[in-house]
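Visitor: Hello! Could you walk me through this one, please?

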Amino acid sequence: MSTFHNVVVVGGGGAGLRAAIAVAEANPRLTVAVVSKVYPMRSHTVSAEGGAAAVAGPDDSLEEHLYDTISGGDWLVDQDAAEAFVQEAPRELLRLEHWGCPWSRQRDGRIAVRAFGGMKKKRTWFAADKTGFHMLHTLFQTTLSNPDVVRYDEWFVTSLLVDDGQVYGVVAIELATGRVETVIANAVILCTGGCGRVFPFTTNANIKTGDGMALAYRAGAPLKDMEFVQYHPTGLPFTGILITEAARAEGGWLLNKDGYRYLQDYDLGTPTPHPVLRSMELGPRDRLSQAFVHEHDKGRTTDTPYGPIVHLDLRHLGAEVIDAKLPFVRELCSKYENIDPVKELIPVRPVVHYMMGGVHTDIHGATSLTGLYAAGEVACVSINGANRLGSNSLPECLVFGARAGQAAAEFVTSTRTAPGAAVYAQARDAQRLLEREFARHAEGSHIGGRERIADIRTEMQTAMENGAGIYRDGESLAKAADRLRDLRERFGRATVDDRSRTFNTEAVALLELSFMLDVAESIVVSALHRGESRGAHQRTDFPGRDDERFLAHSLVRRTPDGGGLVDYMPVKITQWPPGERVYGR
Amino acid sequence: MADTITMQVARYRPGQEAEPVFQSYDVPLRKEWAVLDGLNHIKDHVDGTLSYRWSCRMGICGSCGMTVNGSPVLSCATFLTDYAPGPVRVEPLRNFPVVRDLVVDIGDFMAKLPSVKPWLIRDDEPPEGEYLQTPDELDDYKKFSMCINCMLCYSACPVYALDPAFVGPAAIALAQRYNLDSRDEGAADRRDVLSSAEGVWACTFVGECSTACPKGVDPAGAIQRYKLTAATHALKDFLLPRGAR
Ligand SMILES: Cc1cc2nc3c(=O)[nH]c(=O)nc-3n(C[C@H](O)[C@H](O)[C@H](O)COP(=O)(O)OP(=O)(O)OC[C@H]3O[C@@H](n4cnc5c(N)ncnc54)[C@H](O)[C@@H]3O)c2cc1C
Ligand code: SF4
Ligand code: FES
């Protein structure tokens, strides 16, 4: 069966819902669908805690937000994109306020803002420490008021329909029934989020498997800056649950095993009792996560069954501040670590958190394929460069979700190219192929041996951690590339024991693993090619930044044999030539 | 502490089982493991066919509600050691049709949700800047805005069990979340549904929903509070002629 909508948005997180609203607003005559593998309000945006950055107060300026973003990204940021971003972010957050988002307030009723890492001014809007949750539910509830937005909840997209370089829709499995369906469209917007699950220890939810990146990559669109993976310095051991940067913004300290604020040893400033912006614990995430590795090498971290840790100390903030500003942190610590941060130290370690890279787009969210757009964490515009600043990502979802929605609506309105017979034929083929896959597994006929999905997945994650972690080098990356090649071969023998069509989560896990293997390969090959250290990409064999050769975005394209071909495109610099990144002085 | 615990998991595959059966699995018993970690262990290493929903594993996405030893809980925020020495009985949420294994069909809630208009309603254009709202005004509705749509309250609700037409705890709490928001002017639009027979008046105030809620939303409180509002409106309707209201 197939249905038709003018625009199909894949993903119902912050970016996807914002994009869908933008399409409906841009041209009410267009039909728009949101296809999502989970109910939209379950999307990973729901987990974001700390806040969303946008210039708010009279003491702040767009220029300063722009500079923080560019220097934070180690000058790999496209400055025209960042300009659009800082300019439109305040309006977007305000729109969310008008839609009912329960932003935390000052006493007089105006929006409150808090400090955040790498930001020179207080400009992070927050809804206590459940910002993403409130933003997502506000967006979701707002879309409920709009009957023009049609939802396909719990539909898993398996591929894009492409004809002659133009994208015309998606193939998807309706999970409840296992039926293979196609949704034909004039334009598709990918808003499928990040890919943290490619690594073993991550803050990312189970659904963050890089599907959209792989979908675009397979359809021929290049991925940009995939070597830049952000580690957040403060995850809880074992679970990887995030302790938001807001904890440090409110005044939390990072202590090594001797109770020493070790960041002072890493050119991040001198310790003061009260937080100082762009200094110490409020430095950028790449630098803080790297400092942890050095502390570990010096033997100044504490060993636990779940790896080495340092401590986050919030005790001096007191119960009142913690309950007012960080209630979720207290809840998570008590639930998952059985400790009370009012009285005890929180064990933390760096954890994979965010993908700076993604599907290459222009500042309107357009990818290299006609009719295909992307926004949110799946995309790389790029405003994040080599290191995203905390609280820039939620507003990015809104600003570029809206831009992609508008651009797609304009494209559809002005061109109206209808999908031809080839698209429908392709849709039928894709359906038949998937049906056959299902049938093959149902018969239990597997060619040679059996491989468990979970085993391949775990080995892929270990290969990524060992080869492409906080610090990498040519050798570790080459080894990871080899491992991935082996795993891909073994993937061919992976089996699905589940023969049912109804809510077959094992088939989903198999498809997600195949997406993740593509994404992992694109990360490793991009990292191998970048012979310098910049932001979150630290090569021990190339310790310095090399603007001469690498002040450029990497673009990786898939080759017919499944490998990745890397080349580069220039970074857009409008007003800030590359400089030194200075924190704490 | 023993090093394993038995999980008895309800299995139901349409076409395969006529009705749910229990299947037992021994899983490692570790201090940090949530019930969900036990299920993931089964799925990854023992039996790939077990189906359930999960995503954030930090108690915020609302996917992983299940009935564990008879009570509705979030399986990612409930720990195996709390049930030692076991067995731990894991079943789908009650009061919903079972799609498969531990997966239930929440389509009924998703269909009801828009009927209470859980979005900000205003006639006028929004201001240049933000609507002002003091911290106290925020506190008036904050608790009701914490709902993660996990459906534990519906699973616990004896009224919903008997009368599936009941709008239900979370949807009413979300309506109140907007009714009590100083920026909202839509209370009148929500009145018909809320004060209908299937709205607040269906509730006999058992309070099970608030006990089950993992996020402190207190839907029972929302319902009680609305009953007062609705009673006042009914009285006004009775005493005042139409134009004077
Ligand atoms: C724990 C945590 C805390 C964070 N805190 C902050 C913060 O304080 N501030 C900040 O700015 N950023 C924060 N971030 C980052 C930010 O939350 C994310 O980058 C952002 O929410 C991503 O939103 P998105 O809309 O791009 O994707 P998501 O919200 O991840 O949504 C992806 C959507 O795509 C759908 N999808 C994916 N694959 C498929 C498929 N194959 N078929 C169909 N649908 C599919 C999913 O169902 C989902 O609806 C945080 C991230 C984490 C992990
Ligand atoms: S009110 Fe509580 S129990 Fe009910 S759906 Fe919301 S969060 Fe879950
Ligand atoms: S997995 Fe998200 S609430 Fe449990």
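Predicted model: local features only at pLDDT ≥ 70, side-chain atom pairs only at ≥ 80, totals over all residues.

Visitor: How many Å² do chain B and chain A bury between them?
Guide: The contact draws 63 residues from chain B and 63 residues from chain A. On the chain B side, Arg57(B), Met58(B) and Ile60(B) lose the most area to chain A, together 14% of what that side buries. Carbon and sulfur atoms hold 55% of the buried area, and the area between the two chains is about 5,000 Å².

Visitor: How many salt bridges are there between chain B and chain A?
Guide: One salt bridge joins the side chains of Glu154(A) and Arg53(B), at 2.7 Å from N to O. That pair qualifies because the cut-off is 4 Å. Between chain B and chain A, the count is five salt bridges.

Visitor: Which element gives the most to the side of chain B that touches chain A?
Guide: Elements giving two or more residues to that side include strand S6 (98-100), helix H3 (135-142) and helix H6 (169-179) of chain B. Helix H1 (35-46) is also among them. With five residues, the element that gives the most is H1(B).

Definitions and conventions
Residues numbered from 1 in each chain as written. Chains lettered and ligands numbered in written order. Heavy atoms only, no water. Contact = heavy atoms within 4.5 Å. Buried area = accessible area lost by both parts, 1.4 Å probe. Helix = DSSP H or I, 4+ residues; strand = E, 2+ residues; numbered from the N terminus.
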